[in-house]
Amino acid sequence: MRLDPLQRAFAGYLLDGTDEIRTAVRPSSKADIDTLLGVYRHGYSARLVEVLGNDFPGVKALAGEEEFEKLARVYVAAHPSHGFSVRSFGDALSEFLRQSPPYSEWPALADMAAFEAALADAFDAADAEPMGPEHMASLPPPAWPTLTFAFHPSVRRLGLRTAAPAAWSTQNAGELPEEPATQAGDWLVWRQGLDVKYRRLDPDEAAALQAAMAGEDFSAICEALAEHGPEEEAAFRAAGLIRLWLEAGLVTGTSHQGQLSG
Amino acid sequence: MTSSLGFGLGLRPVHYPEIFEGSPRVDWFEAISENYMVPGGRPLHALMRVRERWSVVLHGVSLSIGSTDPLDEDYLGRLKALADRVEPVWISDHLCWTGVSGINLHDLLPLPYTEEALGHVVERVLRVQERLGRHILLENVSSYVTFAQSAVPEWEFLAEVARRADCLLLLDVNNVYVSAFNHEFDPLAYLDAIPGERVRQIHLAGHENNGTHIIDTHDHPVIDPVWSLYAEAIRRFGPVATMIERDDRIPPLSELESELDRARAVASQALKSRRAA
């Protein structure tokens, strides 16, 4: 067997259990071929199941050891790794749990996976220097209506159907989490300095952040807020939120018509 | 020949507090390249902090030098960028393949030792060295099967790759021991065939013996027969930079420092008998 078919046969054995590779293996007096090849086959799935367990401790805690092992094996079989690092192996786990029965009937699982993936993304997202709240004072009043914002690469806004982050925090403290309550809402995940943070977003802040992250300007952010509260208070609320975002290190730059800063 | 780095450890995040807050008796660290090929945040911050006080070498697990898939240019670009930032003393990876058809199997899989594989690996090592602008170190892996069509033993294949591609070697003494046990060859014959002037680094590790075969698990201390084989390697190759790898059931750093002290003692004894010989 030449090199290429040999590697394909080996991969076929690891991924699908095809046995063509057996003919290429030299018999050993130590152990039979299936035992020896089995070291690789067992290692392949065990390694990836372990990666998922390490990267998704919250999903593992919710599902329980046994159920997690089962779902991880199904995921491993359905999602071969295409990245150079195992770091990206679980990227599709949330989508898998959202769509595949029986897990699709358990929304907290997919929510937990999405939340943990966001934490991981924020953890090693690109570095960028955030602006402080003092930046607001430096902006001339005419700049405000067209003001847009650049966000730190770690910032993630995610919509969840359950309070999975609360269960994550219980699990992270070493305790057994309760089943997360059904409680639709938006969450913010970001990194401040080297520390990953998260918090729940009120519906009006979620709408404002969605607009701002989409590159819409201050006026449009006010319009988004006006759908959640008194129109005459929208600009005041928007300015308050922007101060909050600056204080939390979410914003790395602003620009407005006619000028760039930051 | 460059002077030896001394005695190092694999850099593991669980040890960061002990590394940053203490003064571990470690001469250098080996970082797993892929763990730091990320955009930013704590991993790179920690690695650069280590780099301020120690020499660092980069050790990859995804180069897949023996795969019939094309070389991953994106991977090489990121590795080069990491190396430009970290300025490692050297970069190593394994003589193996880790995936095919675009799928990463995340394992160090054995090659058949054929003329075809030799030409393939040599050509790719040359291209990788060109791309990285430096010689790389290739490491021998542990294996559980050998292939019927292999024309030469692993040690001859490894030595020939190194000669033809003009690359350097990372000799994993534990892997020699594991493969010698699994495939019933004499580990000293392996050492005798290795071109000593190319050996820049030695790995030591523990493993799991299942009776019929040994699995390279890196979750135990180094065993006595591997220490003996290490002494034989130092006797042959001189004061080569040596480190201990631990990837599972990772003990406190102090425990690995003690194990490293044993490496220092074994190497020093072996060097005495090398000079006496």
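Author: Let us begin with the interface. Buried area is the accessible area (1.4 Å probe) that two parts lose on being put together, summed over both. Between chain B and chain A about 4,100 Å² is buried, and carbon and sulfur atoms give 60% of that area. This is a predicted model, in which local features need pLDDT of at least 70 and side-chain atom pairs count only at pLDDT 80 or more, while totals for chains, interfaces and linings use all residues. Residues are numbered from 1 along each chain as its sequence is written, chains are lettered from A and ligands numbered from 1 in the order in which they are written, and side-chain values use heavy atoms, with hydrogens and water left out.

Reader: How many residues of chain B are in contact with chain A?

Author: Contact means heavy atoms within 4.5 Å. By that criterion, 49 residues of chain B touch 43 residues of chain A.

Reader: How many residue pairs are in polar contact between chain B and chain A, and which elements of chain B give two or more residues to the side that touches chain A?

Author: A polar contact is a pair of N or O atoms within 3.5 Å; within protein, one must be able to donate a hydrogen and the other to accept it, and residues adjacent in sequence count only if both atoms are side-chain atoms. Between chain B and chain A there are 26 such residue pairs, both residues being at pLDDT 80 or more. Helices (H or I, at least four residues) and strands (E, at least two) are DSSP runs, numbered from the N terminus. On the side of chain B that touches chain A, two or more residues each come from helix 3 (42–53), helix 4 (73–86), strand 5 (97–100), strand 6 (103–109), helix 5 (115–132) and helix 7 (173–183) of chain B. Strand 6 of chain B gives the most, with 7 residues. By class, this side of chain B has 21 nonpolar, 20 polar and 8 charged residues; Ala, Val, Leu, Ile, Met, Phe, Trp, Tyr, Cys and Pro count as nonpolar, Asp, Glu, Lys and Arg as charged, and the others, Gly among them, as polar.

Reader: Why is chain A described as more spread out than a compact globule?

Author: The radius of gyration is taken over C-alpha atoms, and the globule rule is 2.2 Å times the number of residues to the power 0.38. Chain A comprises 10 helices and 6 strands. Its radius of gyration is 24 Å, well over the 18 Å that the rule gives for 262 residues, so chain A is more spread out than a compact globule. The C-alpha trace of chain A spans about 85 × 40 × 30 Å along its principal axes.

Reader: Into which domains is chain A divided?

Author: Domain bounds come from an automatic or database domain assignment. The assignment gives domain 1 (1–90) and domain 2 (106–262) of chain A. Their contact takes 11 residues from domain 1 and 17 residues from domain 2. The centres of the two domains, taken over C-alpha atoms, are 39 Å apart. About 990 Å² is buried between them, 69% of it from carbon and sulfur atoms. There are 2 salt bridges between the domains; A:R87 and A:D124 meet in a salt bridge through their side chains, at 2.8 Å from N to O.

Reader: Where does the backbone call for attention?

Author: Most residues other than glycine have a negative phi, and most peptide bonds are trans. The peptide bond from A:P101 to A:P102 is cis, with omega near 0°, and A:P102 lies in the loop between helix 5 (93–99) and helix 6 (107–123) of chain A. B:S101, in the loop between strand 5 and strand 6 of chain B, has a positive phi, near 55°.

Definitions and conventions. Salt bridge = Lys/Arg side-chain N within 4 Å of Asp/Glu carboxyl O.
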